[in-house]
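Good morning, and thank you for the time. I would like to walk through one structure with you, and I ask that you keep the sequence and the coordinates in view as we go.

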Amino acid sequence: MQAGMLYAFASYALWGLFPVYFKALQDIPPVDIVMHRMLWSFLFLLVVLAFRRQWDWIVPVLRQPRVIGGFTASALLLATNWVTYVWACNNDHLVDASLGYFISPLVSVGLGFMFLGERPRFIQWLSIIVAASTVVWLSWQTGHPPWISLALAASFGGYGLLRKTASLGALPGLALETALVLPLTLAYLFYSTLHGQNSFMAASSSSRWLLAAAGPITSIPLLLFAAGARRIPLSLLGLLQYITPTIQLLLGVLIYKEQLDGDKMLGFAVIWSALALYTAEGLWRARPSIRK
C-alpha cells in the first residue's frame, strides 16, 4: 500500500509539473512539441520493451483490426489532448487547463453511463449536475464557453474510456499508440524539414535536449502510475489524481501570475465542492476495501 501510494503520488506530481517543462519550450510550436513527444516516446518505449523482453503482445494485436482501430482512436484523442494542453501552457491558460482536469473525472462518469451501462449513484449525479451547471454559468459570465477546459476534459475522458475497454496494459498500449501515429509524425517532420520549418534544427541546444527528453518525461510518470494502480484501491487512486490539477493551478497563479478573477474563483469553488462530495461518497462506500 505504501509503495503504491508513493508511485501514484510521484506520477501525479510529475504530471502537475509538466507546465514547467513546456514553458521551457515556448520557442517551439505546440504541434511540433507533440510530434517530437510522440517520436521520442516511441523510441524510449522500444528500449523499455527490449529491456523487459515484452514483445509477445505484438503478433496477437496485429491480428485484431478492432483493437488497432480502437488504439488509433485513442492515439488521436491523446494527441488532441497534448496539443491543447501544450498550447494552454505556453499561452498563459494554465488555470483553464487545470479546470479541465478537475472536471475530467465527472466527464468520465458521464461517459461510463452513456457507453458502458454504468449507473451513477445519486451523489454522483448531483456532482455532475452541479459541475455542468457551473460550466454553463462560467460561459454566461465570460461570454463564451471555457473551450480549453472542455476540450481537455472531453479528450482525456474519451481517451480514458477507450483505454478502459482496451485489451492492453499501460506500457504496450502507449507503445502501440505512438507506433500508430509514427507515420503521421515522420511525415509531418519530413514536410517541415523540406520547407525549412524544422523547429528542432532551428532550436537552441538546450531546447533540442529538452525535446529529446520528451520520451522518458512522458513515459516515466505513466509507468509509475501503472505500478501504483496495481497496489492501491481505485477510490484512493481517484482521490490522489487531484494532485495534478492542483499543482497546475498553483503554478499558474503563483508562479506564472495568471489571473483568477472573482467569477472564475467562485466557479472553481463550486466545482471543487462537487468533486469533494463525489470523492467523499466514493471513499465512504469503499472504506472496507481501503482498510484491507
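Let me begin with helix H8. At 1.5 Å a residue, its 18 residues should span 26 Å, and the end C-alpha atoms of H8 are 25 Å apart, which agrees. Please bear in mind throughout that this is a predicted model.

Which residues of H8 are buried? They are Ile148, Ser149, Leu152, Ala153, Ser155, Gly157, Gly158, Tyr159, Leu161 and Arg163. The packing partners of these buried residues are H5, H6 and H9.

Arg163 lies in helix H8 and Glu177 in helix H9, so the pair ties together parts that are 14 residues apart in sequence. Arg163 has a relative accessibility of 17%, and therefore counts as buried. Glu177, at 1% relative accessibility, counts as buried too.

How many salt bridges are there by this rule? The count comes to 3. Another of them joins the side chains of Asp96 and Lys264, at 3.1 Å from N to O. This pair links distant parts of the chain, since Asp96 sits in helix H6 and Lys264 in helix H16, spanning residues 262–291, and the two are 168 residues apart. Asp96 is buried, with a relative accessible area of 14%, whereas Lys264 counts as partly exposed at 21% relative accessibility. The cut-off matters for this reading: buried means under 20% relative accessible area.

The remaining pair to present is that of Asp92 and Lys23, whose side chains meet in a salt bridge of 3.2 Å, N to O. Asp92 lies in the loop between H5 and H6, and Lys23 in helix H2, so the pair ties together parts that are 69 residues apart in sequence. Lys23 counts as buried because its relative accessibility is 12%, while Asp92, at 48%, counts as partly exposed.

Although Asp92 is not a glycine, it has a positive phi of about 60°. Arg53 is likewise a residue other than glycine with a positive phi, here of about 50°. Arg53 is found in the loop between H3 and helix H4, the latter covering residues 58–62. Is Arg53 buried or exposed? With a relative accessible area of 73%, Arg53 is exposed.

The largest nonpolar core has 41 residues, and within it Phe22, Ile33, Trp57 and Tyr85 touch the most other members. The elements that give two or more residues to this core are H2 (18–23), H3 (30–52), H5 (65–90), H6 (94–115), H8 (147–164), H9 (170–180) and H13 (214–229). Which of these gives the largest share? H5 does, with 10 residues.

Leaving aside its neighbours within four places in sequence, Tyr85 is in contact with Trp15, Phe18, Pro19, Phe22, Ala97, Tyr101, Leu152 and Gln248. A second, separate core has 17 residues, among them Leu138, Tyr242, Phe268 and Ile271. In soluble globular proteins, nonpolar side chains tend to be buried together.

The patch is formed by Phe113, Met114, Phe115, Leu116, Trp125 and Ile129, which together have about 590 Å² of accessible area. H6 and helix H7, residues 122–142, are the elements that give two or more residues to the patch. The largest share, 3 residues, comes from H6. Met114 lies in helix H6, and its relative accessibility of 55% is why it counts as exposed.

Gly110 also has its place in helix H6. The C-alpha atoms of Gly110 and Gln124 are 9.4 Å apart in space, and the two residues are 14 apart in sequence.

Terms used: Residues are numbered from 1 along each chain as its sequence is written. This is a predicted model: local features need pLDDT of at least 70, side-chain atom pairs count only at pLDDT 80 or more; totals for chains, interfaces and linings use all residues. Side-chain values use heavy atoms; hydrogens and water are left out. A nonpolar core is a set of buried Ala, Val, Leu, Ile, Met, Phe, Trp, Tyr and Cys residues joined through side-chain atoms within 4.5 Å. Buried means under 20% relative accessible area, exposed over 50%, partly exposed in between (1.4 Å probe, protein chains only). Helices (H or I, at least four residues) and strands (E, at least two) are DSSP runs, numbered from the N terminus. Contact means heavy atoms within 4.5 Å. Patches are made of residues with over 30% relative accessible area and no salt bridge: like charges are joined within 9 Å, nonpolar side chains (Val, Leu, Ile, Met, Phe, Trp, Tyr) within 5 Å. Accessible areas come from the Shrake-Rupley method with a 1.4 Å probe; for residues, only the protein chains shown count as cover. A salt bridge is a side-chain nitrogen of Lys or Arg within 4 Å of a carboxyl oxygen of Asp or Glu. The expected span of a helix is 1.5 Å times one less than its number of residues.
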